[in-house]
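Open the model in your viewer and keep the selection panel at hand. This tour goes stop by stop.

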Amino acid sequence: MNCNRAKQELELMREQNGGSLLHHLRQCASCRDYAEELRVVRLLRSMPAPEPSEGFEHRVLRSALPQSRVEPQARLRGWQLATAASLLLAVMMAVPRWQSSQSAAPQIVSTLPVSVSLDSARPLEGAVIRVSLPSHLALDGYPGVQDLEWQANLNAGANRLTLPVRLQGAESGGEILIEVEHEGARKTFRVPVQFRPSGGAATAPIQKT
Amino acid sequence: MTGLIQIFRRRAAPEDRFTALVRPHIRLMYRMAYRWTQNQSEAEDLVQDVLARLFPRLEELVALDKPGPWLVKVLYHRYVDLYRRRLNSPVDDSVSWSSDDTFFQERLLDERNHFHQLELKRALNRALEELDDGWRDVVLLHDVEGYSALEVAEILEINVGTVKSRLHRARKKLKAALQLGTIEGCHAC
């Protein structure tokens, strides 16, 4: 058997290969390689995938049409939550803006509005948002409170949440933990915040856990 | 007949036209989204997210000869945007691809008769993790979902030569990984 014939035989995808083909494969590295490649391609072509959940098509079509879109969310606890977060594909971007209280008080107190943009794939009704801060950071209006939790109806699309972060100590930075929970699933993000005394502020890359 | 269809199309509400155009491709979009996300609910959400953005582009959709690959291209862009963060962004929020082992584990329990084949597929899916994103994209589109090299080139916006060379290299790597995986599997027995 020559290589052309062997390749034709291999492409027939028989359950069991004949003796002459097996004999040829034992002697021909090129055809063995081809047979291996065919095996890989066949396995890839039949790679299983789970079925989508019941009513998936109907659900996505309904949400894609304009009349079913949800109106933007109102303000929440004084913080801007134009729209909100998705558990699934949350992407964050901190856009800090330096603000410094210029009071004559001896203690230096600074506020840094940290804007977090979250990309939501779908509306999430009754999502729970938790914010945890290290001891030297607090949110304006919540002095000494390190863990806050509230419930919100979140919409699909790009969402923005602005946290008025307040520095209350000597350290110039820290990490804020934001957790979004919906129907038992949750996603956690770490938002590093850095205060710069010279004006302007920077954040380090966000870690998703 | 074509004239009647044209009249119907003109008279149909935009919502109905959108539904008629998109519905036949939703399952394919879901499958491709699953290949990329390796997670059923994330795949569903990704498709929903893409479709929710597409309605304003109805006229663009209507003008297409083959909406299928175009929809997958839009899906791919959205996936890259959400999962593989922009390289120039100061925020690195990339999510690395990882095989959906839980799904295989459940199926292995259900399909004892095809245990060996499924084990091989699981090993192969794990091996995909080791490929560069660009190589894996080509394999997932071409070998797993059956798009032609031309369609893959169009979806990924690369040339056909690149598709073929990536495919060749990726298969070579997968072959090696599968042989290694098979040997390791035998040792485990």
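**Stop 1: confidence in chain A**

The chain A average is 69, and 64% of its residues score at least 70. This is a predicted model, in which local features need pLDDT of at least 70, side-chain atom pairs count only at pLDDT 80 or more, and totals for chains, interfaces and linings use all residues. Residues are numbered from 1 along each chain as its sequence is written, chains are lettered from A and ligands numbered from 1 in the order in which they are written, and side-chain values use heavy atoms, without hydrogens and water.

Select residues 68-109 of chain A: pLDDT stays under 50 here. Residues 198-209 of chain A also stay under 50.

**Stop 2: chain B**

Switch to chain B. It has 11 helices and 0 strands (DSSP runs: helices are H or I, at least four residues; strands are E, at least two; numbered from the N terminus). Of its 189 residues, 47% are buried (under 20% relative accessible area, 1.4 Å probe, protein chains only).

**Stop 3: the cores**

Which residues have the most contacts inside the largest nonpolar core? Select F18(B), W36(B), V47(B), L51(B), L75(B), L141(B) and L174(B); the core has 63 residues. Such a core is a set of buried Ala, Val, Leu, Ile, Met, Phe, Trp, Tyr and Cys residues joined through side-chain atoms within 4.5 Å. Helix α6 (residues 67-83) of chain B gives the most to this core, 9 residues. Apart from this core lies another, of 23 residues, including W150(A) and L167(A).

Technical notes. pLDDT = per-residue confidence, 0-100. Contact = heavy atoms within 4.5 Å. Buried < 20%, exposed > 50% of the residue type's maximum accessible area, 1.4 Å probe, protein only.
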